[in-house]
Number of protein chains: 2
Amino acid sequence: MTLQRKLDRAAALAAIASVVGAKYATADEAALAPHLVEPRGLWRGRAAILVRPGTTDEVARVVSLCRDAGLAIVPQGGNTSLCGNAVPYEDFDGVIVATDRLDRVREVDVANNTITVEAGCILADLQRVAAEHDRLFPLSLGAEGSCRIGGNLSTNAGGVAVLRYGNARELMLGLEVVLPDGRVWNGLRALRKDNTGYALRHLFVGAEGTLGIITAAALKLFPLPRERVTALAALPDAAAAVALLGRLQTAVGDAVTGYEIMSRIGVAMCLRHIPGSVDPFPAPHPQYQLIELSGQRADGSLRAGLEEALAAAHADGLVRDAVIADSLAQAGAFWRLRETIPEAQKFEGGSIKHDVAVPVSRVAAFIRRATEAVEAALPGVRVVAFGHVGDGNIHFNLSQPVAGWTTAAFLAEWERMNRIVHDLAEGMGGTFSAEHGIGRLKRGELVRYRSAVEVDLMRALKAAIDPAGLMNPGKIL
Amino acid sequence: MTLQRKLDRAAALAAIASVVGAKYATADEAALAPHLVEPRGLWRGRAAILVRPGTTDEVARVVSLCRDAGLAIVPQGGNTSLCGNAVPYEDFDGVIVATDRLDRVREVDVANNTITVEAGCILADLQRVAAEHDRLFPLSLGAEGSCRIGGNLSTNAGGVAVLRYGNARELMLGLEVVLPDGRVWNGLRALRKDNTGYALRHLFVGAEGTLGIITAAALKLFPLPRERVTALAALPDAAAAVALLGRLQTAVGDAVTGYEIMSRIGVAMCLRHIPGSVDPFPAPHPQYQLIELSGQRADGSLRAGLEEALAAAHADGLVRDAVIADSLAQAGAFWRLRETIPEAQKFEGGSIKHDVAVPVSRVAAFIRRATEAVEAALPGVRVVAFGHVGDGNIHFNLSQPVAGWTTAAFLAEWERMNRIVHDLAEGMGGTFSAEHGIGRLKRGELVRYRSAVEVDLMRALKAAIDPAGLMNPGKIL
């Protein structure tokens, strides 16, 4: 780098810092550190500076200065991505734009069932604000205490209520985005219907910050459910889970809000490692199905419907045993079993993770075939499959064998296991990334499994909107 | 045109015709005529040839030949667009690609709640096939007997069940599209979750055929409702409609499937002109609210919930009178009142139409203010406002005054009335086109009401995907 370029670059960084003020800009190594590391420590990147704009206008001015100076940008929300999306690469020398100070609730329109918020709102805060207005914001996932809605939208987050309410994309009505050229696109219309040209808002959802920075969003709200029934059913196999779902949806429709499968091996890991875990039935069972229904009637009709459906399924051999929670505490215990599986897996050594989806009709066949295939390829591997059966989305995780493997040796099998599992899912009309996205981790998979036509289209969009390639470089594409 | 160019052009058209075979290609004036005229006769265009491909591959070969020859394309489904989207311009000399022969149902996956169909399927046929599998395909609108699903997706059709099930976009999981360069993009994944890069499928929905030709789609199905309750309520004003909706949603949630408002003037027009129409109440009322609930329980709980809510609303003065249909025939009569308003309007002279949406919370204010404004600007004008209150979507139609105006003179006020109504809707955070789209009719409005940033983004997308501008030229942009 010539002296002149160094001076220009220093001047640009100084100008960028001055947009947000010294208090909210840092190049200090210790202050930068938490923003440079992937949450599980998989990667550790670099950056010249981190800025924390307080307004959309500040974001726009920062982006505009970056464009003029040719500085790349990594937008960062809660940095909870599981695909390395929110952290810069090792050779990155641009700007991290953190959205944490953009955390205002701009409007709650109760009669319109919408809330308009800035990108830095923490998901759990947004849920709380909605509840204060007697409304539900249904997006719910493990990281909700620290992830931010801008990141949820940029990665099209899923979670445990997608079956009933859709993923982040479906909850979004409008966006405000700072484009790569520093202009602000105000598409914050809180409308159920708006057919005025191309659906720009959908372009930015799931784009992982590669096409611009989402600064605010208009989101859907729903009536707060007045009745909630949670049950745990013991099943002979995963096929029973799909059959039972069909019966429940016929019986109570969209009241089926959550529908999470767990194999015995995952439940057993919780019982071993998570304090307070209780085996839900006297005897072990191959699969456990967490069922949550919610609705508005509060007249006991949901519970009655669930009891009928479970009794009929029991008579038909689909359900071996079942318990409907009699208290919020019991319902909470069922959910904790499900939610602590990834935590419990950590005590069992290395874990190779997959976030696949297949058509719901093929979930059982997928689990069976994938289990057989990985067990044949790596004898002793322990399949910990759990997740959102109702969306066809299975977290098909693999724990290392009980004996004979170091964690490092097991994790070295990552690519080989990915190939087996992703080949199977894709071959069944499924996908290698259901809700976690692409980020840095799955760029190779995208090119492998998506057609040249599809990848070309994505590249054309990227080139059209971010011709200089400055937005979150090296992510997705 | 030089002789050589004429010969080249003739050769290209012959090659295009030979792709589909002589039987399915025509340049005959009489055969072309119905494909060249807007359904209401607003515009009559031209075309060199019409082809009716029978497979996606044939579509791709036609498009590829058009690209090579520089021939523009107008894709055409059922030609029921109300914005002049499906007919060519007066000076068009390219190719109409009709999708009517692409009418196969490729797959019904009952357990996955999906159906994969070709673009030329008529909407009503699709509904019927779903019902044969004990499933609901909920998209429903006036033209369903002749519109085709490819057109529904290309225009992101709305209709009478959006409140509960979403518009065409929300019912779509995957697409197959022939791109402007003749390549086929196969994005027919029937998955609830698939976060693998940019959401290409959303780009083509609502693009009105300007970015490619949708040839097939994977769509969501739902359990067939087992209980349906239809009611008509007489209301003092539109504000009561919004308040009542909030109460109903709190009481029964998403069971509120249809929610259509009609003013007295529209109902009175039906009573005057539509044979068999019956005044639903002994006395006239300012507004009528058609309410449809549907669900799975079939235990009478929906009817009970509706009765409670209506009784409470009556006690509070929100509802003046109400009747719950006791038979399918009575429910059908309520719906016919609503559906025949546009037909009845035709007997009352000229009609200037608006398809606006505002936030649901502002529907009543919009109707009041827009009514005052148009009555002040054009004394004697008769406001026939009706439509989808639950989506904030009002068909704010204006019938000519009873006396003193010719139809031609009244229709000459179209632009002036548009300005008043669209200025108001946009000023209230609304939109000038809720469900009908842009097509040819509202191109000027798009540039007027959308920011330069937004229009620039749309132009960049169009240039990236259809650089030669051959797909449905002059529509949207």
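Predicted model: local features only at pLDDT ≥ 70, side-chain atom pairs only at ≥ 80, totals over all residues.
The burial pattern of H11(B) can be read along with its geometry. Ala331(B), Phe334(B), Trp335(B), Leu337(B) and Arg338(B) are buried. Viewed down the axis of H11(B), the buried residues fall within an arc of 150°, so they line one face of the helix. Leu328(B) and Ala329(B), on the other side of H11(B), are exposed.

Attention now turns to the strands of chain A. Strand E10(A), residues 213–220, is mostly covered, with eight of its eight residues buried. One of its pairings is with strand E6(A), residues 114–118; the two run antiparallel and are joined by five bridges. Within this pairing, Thr114(A) has Lys220(A) of E10(A) as its bridge partner. Strand E8(A), residues 172–178, also pairs with E10(A) in the antiparallel sense, here over six bridges.

Strands E2(A), residues 49–51, and E4(A), residues 95–98, run parallel and are joined by three bridges. The bridge partner of Leu50(A) in E4(A) is Ile96(A).

Elsewhere in chain A, Glu29(A) has its place in helix H2(A), residues 29–36. Glu29(A) counts as exposed because its relative accessible area of 71% lies over the 50% cut-off. Between Glu29(A) and Arg52(A), which are 23 residues apart along the chain, the C-alpha separation is 16 Å.

The two chains meet at an interface in which 86 residues of chain A are in contact with 86 residues of chain B. Together the chains bury about 6700 Å² between them, 57% of it on carbon and sulfur atoms. Lys193(A), Asn195(A) and Tyr198(A) supply 15% of the area that chain A buries against chain B, more than any other three residues. The count of salt bridges between chain A and chain B is 14. Arg450(B) forms a salt bridge with Asp194(A), in which the closest N and O atoms are 3.5 Å apart.

Ile476(A), although not a glycine, has a positive phi of about 65°. This residue is found in the segment after helix H18(A), 452–465. Ile476(A) is classed as buried because its relative accessible area is 1%, under the 20% cut-off. Ala298(B), likewise not a glycine, has a positive phi of about 55°. Ala298(B) lies in the loop between strand E14(B), 287–295, and helix H10(B), 301–315. With a relative accessible area of 47%, Ala298(B) is partly exposed.

Note on methods:
Residues numbered from 1 in each chain as written. Chains lettered and ligands numbered in written order. Heavy atoms only, no water. Buried < 20%, exposed > 50% of the residue type's maximum accessible area, 1.4 Å probe, protein only. Helix = DSSP H or I, 4+ residues; strand = E, 2+ residues; numbered from the N terminus. Pairing = 2+ DSSP bridges. Arc of directions from axis to C-beta. Contact = heavy atoms within 4.5 Å. Buried area = accessible area lost by both parts, 1.4 Å probe. Salt bridge = Lys/Arg side-chain N within 4 Å of Asp/Glu carboxyl O.
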